[in-house]
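Visitor: I would like to learn how to read a few features of a structure. Please show it to me first.

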Amino acid sequence: SELSRNFIRWLDATPQADVYSQAMDYNEAKEWMKRGKVQGILYLPHDFEARVFRGDESIFSLYATTDAFLYFEALQGASSRVMLAINDKYRPDEAVFLPPQGLLAVTMAKPINVEGTALYNYTEGYGSYLIPAVMIIIIFQTLLMVIGMVTGEEAERNRRPIFSKQSQLNMNLTWRQALYNVSGRTFVYVMLYFIFALFLLGLLPHFFSIPNIGNGRDIITMMIPFLIGTSFFGLAASRYFTDSEAPLLMIAFFSVGYIFLSGVSYPLELMPWYWQAAHYVVPAAPAVLAFVKLNSMGGDMADIRPEMITLWVQVVVYFLLSLWVFKHKHYRFRL
């Protein structure tokens, strides 16, 4: 019909969607989606125009793939805008179908202008939305990279043969030596990255107009268990750092996953249970969510209580794991 052709033409004119083609039936369109040619299917029923001109509620169906959340959101937004545009164009003509008292009420009613503003992101830009979360991910990743490079280089050095007339031993550390080793390393890492975090989270938001409405004391309080837990997490994972280059590739590979696990870009409640469980494993996930609540949404410590509990539990768990790892790590001594 003419109305359905207008709907398709207007949908193709939106910046979010591009009409690929018109399929003969739903099975053909579904086959296109399986092959990856299209990201969504719009189904207009045969009585689409007739229902609109009768004054009834017209229906159309939108099927979209969910392998990329932004595709689904773009298709949904584009089809909704076209629906509202058609409604504004054709619904005023239906006033003739109203009874006289209804027509009088419609003519006397004042139009209502609705303006939407995205909460905590009034510019609706990726800078305000994504950069605060990325800054926490940068701190987490770079700290893991430093720990991975240092411990990986130690592992390489311990594998090298020592040519000496005197004997050599591969000895495990005692629990006290492991405690001193883990505590000393963690103190150095936390102090260095505390200064780096002050620069990254305190100065850069002012330079680049990044949302920064949080209380500085609350942010510092949140960063303490995050930095300690990240250091213990890296030391516990150092058991698998056999060289200084492999950790860089492995850590960078999971950079995008940390954003999704935090629950900032996609609701945590809609994830499968195993991804929800992974949220409580990596210190970056609860730290990102806590920082966004404090820095971008103006929350306080009461609003991030679940995240703080998670971070402190991770501190305890990864501290014990790092002690166990260093207790059984071989160190070579010359006699």
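Guide: Helices (H or I, at least four residues) and strands (E, at least two) are DSSP runs, numbered from the N terminus. The model is predicted: local features need pLDDT of at least 70, side-chain atom pairs count only at pLDDT 80 or more, and totals for chains, interfaces and linings use all residues. Residues are numbered from 1 along each chain as its sequence is written, and side-chain values use heavy atoms, with hydrogens and water left out.

Visitor: Which residue follows H10, and what is its phi?

Guide: Gly263 comes after H10, and its phi is positive, near 90 degrees.

Visitor: Which residues of H10 are buried?

Guide: Buried means under 20% relative accessible area, exposed over 50%, partly exposed in between (1.4 Å probe, protein chains only). In H10 (residues 255-262), the buried residues are Tyr258, Ile259, Leu261 and Ser262. Seen down the axis, they fall within an arc of 165 degrees, so they line one face of the helix; the arc is that of the directions from the helix axis to the C-beta atoms.

Visitor: How many aromatic pairs are there?

Guide: A pair of aromatic rings is described by the distance of the centres and the angle of the planes. Rings of Phe, Tyr and Trp (its six-membered ring) pair if their centres lie within 6.5 Å; planes under 30 degrees apart count as stacked, over 60 as edge-to-face and the rest as tilted. The count is ten aromatic pairs. One of them, Tyr193 with Phe196, is edge-to-face, at 5.6 Å centre to centre and 80 degrees between the planes. Tyr193 is buried at 11% relative accessible area, while Phe196 is partly exposed at 30%.
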